[in-house]
Amino acid sequence: MPSEFEERFEELTNNKSVVGAMILTAEGKTVRTTFDSASSSNYAEFAYKLIKTTRELLQETDSGNDVKFFRLTTKKHEIMMSPDGQYVLLVLHQSQQEQ
């Protein structure tokens, strides 16, 4: 993994509003995480399923399109995911209401 990617990961995880972050392979395997084992497994599965399903739906409607970024806001958190060909970066923030 490139060193600038590692540096950016460290910067993100040091942000006070970040609850946790992880880097996954495109297949949903955890490469690096700040979550405990159970949470890592849950978020990895969540990210993999959401990205896979969204890509399938996009292919049905526009085969030349692909997923670039997700931002999902819930009552407790904001989940942001940035997939590319090899890796997925997932960052979990506290919601504005929880801060």
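Trainee: What makes 31% of the 99 residues of the chain count as buried?

Mentor: Each has under 20% relative accessible area, the cut-off for buried; over 50% is exposed, and in between is partly exposed (1.4 Å probe, protein chains only). Of the 99 residues, 31% count as buried. This is a predicted model: local features need pLDDT of at least 70, side-chain atom pairs count only at pLDDT 80 or more, and totals for chains, interfaces and linings use all residues. Residues are numbered from 1 along each chain as its sequence is written, and side-chain values use heavy atoms, without hydrogens and water.

Trainee: Why is strand β4 called largely enclosed?

Mentor: Strand β4 covers residues 77–83, and five of its seven residues are buried, so the rest of the structure largely encloses it.

Trainee: What makes β4 and β5 a pair?

Mentor: Pairing requires at least two bridges found by DSSP between two strands. Seven bridges join β4 to β5 (residues 87–94), and the two run antiparallel. S82 has L89 in β5 as its bridge partner.

Trainee: How many bridges join β3 to β4?

Mentor: Four, and these strands also run antiparallel. F70 stands opposite M81 in β4. A hairpin joins β3 to β4 through three residues.

Trainee: How many helices and strands are in the chain?

Mentor: Two helices and five strands. They are DSSP runs, numbered from the N terminus: helices are H or I with at least four residues, strands E with at least two.
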